[in-house]
Amino acid sequence: MTSKKDIKNKPDAIDYYRRAFLKRLGITAAATVGATSAHAAWGGKTLGDAFADFFQQHYQRMSAQELQETLNRIERKAQQQYGVEISCTDTPPLEGVVFGYAINVSKCKGYRDCVEACAIENNLPADIRYIHVLEMNEGSTSLELADRYYEHEMVPVEGKYYLPVQCMQCDNPPCVRACPVEATWMDSDGIVVVDYDWCIGCRYCMAACPYAARFFNWTRPKLVSERINKNTNYFGNRPRPVGVVEKCHFCTQRTRMGRQPACQEACPTGARIFGNLLDPNSEIRYVLENKAVYRLKEDLGTEPKFWYFSDR
Amino acid sequence: MLRLLSVIIAVAIPCILVAGEADSGQAAQRYPEAPAFTVQPRNEQPKFNDCSRCHEEGDTDPEPRRLKTRHVREIDHGGNRFWCLTCHDGDNIDFLRTSSNENIDFDQSYLICGTCHADRQKDWYFGGHGKRVSGWQDERVILACTECHDPHKPAVEPRPPKPHTAIRIGLERQEHQPPATSQVWNR
């Protein structure tokens, strides 16, 4: 990862001239086609933006200036597609932080408040939810018998318990190894992020993920303009393009600024515990050291940073 | 041996008296080594400071009985072994009183809960129970026990769930068919 960052800072004459040429080409083309044809011809974008989108680099190879231009372009795109003025930032991972999550299974009552809060926070279309609350049979850990579409008047139901699953932010993520174009990787704070603009939509990562935590945008996300969360992040909740894979990112737009993820904030029972695994005084460390914690499908060796425990 | 015991008592009694007389509404923390925290304040809510509007100092009848006026009628907690003054301070009705005779305010109600629920209380101090309302990096602000559990009826009530995930357009939900085997891994 460091080697790629070094490349970013090296002046590369050929690359520079190629870029300058393409830029000029874009400007001349835009000038010849004329600003009036901006509406439909390039997907609602100006020709310059369409060009820049096409030639956008991998996140880790972008210079600071290129990244800033990209963020501005993302904001312009949201304005064109949804008519909202979002602010898109890039928040790098914090030093000395590795995020971890723990869920108290005996406190989760299956209300699905986290699911809803997550959808609102992360600008999710109706057919994608990062969190699924599984209704499990008491005394069983069988995921095959779990029901994620339960409908009841009241929860919790007798004889059932509830197991929320989402991206486990594995420390040995199989999805990352499956990606043929390195559009997804684990950042230094342990969050597995997706560069939506570099993703080619092959969905290998979805097949590789044993937790079914990755989701595909079959269409351009159908978002309600009034309900779009305007505080967005490059790896987080910015409106996604069509044909890319997305997943839970521990709310990078919040957690990298010191806030709690939306699901933790929404949980009415306090079953969700989020924190820094490297801080010995953190709540998550207390849970890991004092509770009988377990992880899902541990035998696969994916090393999830997502634990479950119960009070009993 | 007897002398040692009397020394202990002689030391202990003034401690208890000091604690009882303090009337500051604050008492010592049970786990000073726990990460620093503040409880989201509940004192300011008028609902918890209203008792003295009717009760003057010292006019509380300590006799357990069924109350007729604006009180909690049923105490569905601890199998009917509690009476108001188990937790509330009869002499100073806007405060609570622990079993070790400490006078505390409603923000420190967790000290009373821990008298019986000691394991939970320890978890709560260290972050294994309860809810943190501040950011993971900020100063630790947590909810008091009574924020979620009504002390007069502590069980959390069932509630309707939020809608489930939409099924992808064009697909239908498949009825769940549990396998007919009784293998250990299928239970």
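Modeller: In chain A, three strands make up an open sheet, in the order E10-E2-E11, and the pairing within it is mixed; strands (E, at least two residues) and helices (H or I, at least four) are DSSP runs numbered from the N terminus, and two strands pair if DSSP finds at least two bridges between them. This is a predicted model, in which local features need pLDDT of at least 70 and side-chain atom pairs count only at pLDDT 80 or more, while totals for chains, interfaces and linings use all residues. Residues are numbered from 1 along each chain as its sequence is written, and chains are lettered from A and ligands numbered from 1 in the order in which they are written.

The edge strands of the sheet are E10 and E11 (306-309) of chain A, each of which pairs on one side only, and from one strand to the next the twist averages 20°, where angles run from 0 to 180 degrees between N-to-C directions and axes are lines fitted to C-alpha atoms, for helices over the stretch in contact. Strand E2 (residues 99-104) of chain A runs antiparallel to E10(A), and five bridges join the two; in this pairing, Tyr101(A) stands opposite Phe274(A) of E10(A).

Strand E10 (residues 272-276) of chain A is largely enclosed by the rest of the structure, because five of its five residues are buried. A residue is called buried if 20 or more other C-beta atoms, placed from the backbone, lie within 10 Å of its own, exposed if 12 or fewer do, and partly exposed in between.

Across E2, E10 and E11 of chain A lies helix H10 (residues 283-290) of chain A, which runs at about 110° to E10(A).

Elsewhere in chain A, helix H3 (residues 47-54) packs against helix H4 (residues 64-82) at an angle of about 125°, with their axes 11 Å apart. H3(A) and H4(A) are therefore oblique to each other, since angles under 35 degrees count as roughly parallel, over 145 as roughly antiparallel, 65 to 115 as roughly perpendicular and the rest as oblique.

Note on methods
Contact = placed C-beta atoms within 7 Å.
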